[in-house]
Amino acid sequence: MLKRIVTIQDISCFGKCSLTVALPILSAMGLETAVIPTAVLSTHTGGFSGYTFRDLTSDIPEITKHWDSLKLHFDGIYTGYLGSIEQVKIVADFFDTFKRADTTIVVDPVMGDAGKLYAGFTPDFAQEMKQLCSKADVIAPNMTEVSYLLDVPYTECYDEAYIHDMLKRLTGLGCRIAIITGVRYGDGLHGAVAYDSETDIFCSSFQPHIDQPMHGTGDVFSSVLSGAISKGASLQQALDTAVNFTVRTIQETVPDKDTYWYGVSFEPCLGSLAEECKRF
Ligand code: PXL
């Protein structure tokens, strides 16, 4: 039987990120994928001005109620970009309704990048996001989000001991596993580091850094990570699959200079991802 995941995040109609990335990736990985769109935007908010934003917060409790009446079961719940503080609270209620012993909740606490919050996000939102993280099994912030979740200054200069300390403190929010994405120790590599507080084990996955920022790579990473974990991959397998796939999509996009801010060219990489994920 197919594993079933639900992903809760916005639809950016143009500019590949959030649901338009998560849905094809999770489907290619062989998961039945349900979606709850949190908002509809004409484009993502990074690099475009004048975008439209239709808030769908009030639909979420109705969808939850209907699905509860259908007694639906999810092997995975994966949340990304959430559009308001109220929405974060409603998603926490969704977790309470659908969390079973065999359901893994992955929260990507999407709030910002490169030391700055995305347009529309506030430190109050970050406070509420801490609550959502406490209900997750796995969280996957980048260094900007770590600074807001732990109330520490944003830094790009750190070593492994610092990252390990941050990871332990992140699991102190209440989740079993924390993963920090976009980690660079200055050795030419770029990757993700994880800590499992139940086994007290750290693991990591790195690839050579490609010096070209592109939009939407965090959503690509978290989609693969969530899919792999929901399919039963180990933490190390999930990290390796997510890091390697993200790098392949970046390499695929490098020749296409005009599209860097539209999102990465993940589509040609889906076939090999599908093959790779048959083993989970
Ligand atoms: O990639 C994260 C993301 C998701 N959704 C929207 C965004 C962003 C980042 O900018 O603007 C609408």
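T64 sits in helix α2, residues 59–69. Helices here are DSSP runs of H or I with at least four residues, strands are runs of E with at least two, and both are numbered from the N terminus. Now show the neighbours: leaving aside residues up to four places away in sequence, T64 touches F94, T97 and F98, where contact means heavy atoms within 4.5 Å.

A quick word on what you're looking at: this is a predicted model, where local features need pLDDT of at least 70 and side-chain atom pairs count only at pLDDT 80 or more, while totals for chains, interfaces and linings use all residues. Residues are numbered from 1 along each chain as its sequence is written, and side-chain values use heavy atoms, with hydrogens and water left out.

Next, colour the strands. You'll find an open sheet of nine, in the order β3-β2-β1-β4-β5-β8-β9-β10-β11, with mixed pairing; two strands pair if DSSP finds at least two bridges between them. At the edges are β3 (53–55) and β11 (201–208), each pairing on one side only.

Select β1 (residues 4–14) and β2 (residues 32–43), a parallel pair with nine bridges. Click on Q9, and its bridge partner in β2 is P37. On to β4, which runs parallel to β1 and is joined to it by four bridges; here I8 stands opposite T79. β4 also pairs with β5 (residues 104–107), again in the parallel sense over four bridges, with G76 opposite T104.

Stay on β4: which residues are buried on its two faces? G76 and Y78 are buried on one side, I77 and T79 on the other.

Now bring up helix α1 (residues 18–28), which lies across β1, β2 and β4 (76–79) and runs at about 140° to β1. That angle is between N-to-C directions, on a scale from 0 to 180 degrees, with axes fitted to C-alpha atoms (for helices, over the stretch in contact).

Last stop: select V138, R176, I177, D196 and L235. Of the 18 residues lining the second largest pocket, these are the closest to its centre. β11 and α8 (235–253) each supply at least two residues of that lining.

Conventions. 1 Å grid on protein atoms, 1.4 Å probe; cavity = no way out; pocket = protein on both sides within 12 Å on 5 of 7 lines; lining within 4 Å. Buried < 20%, exposed > 50% of the residue type's maximum accessible area, 1.4 Å probe, protein only.
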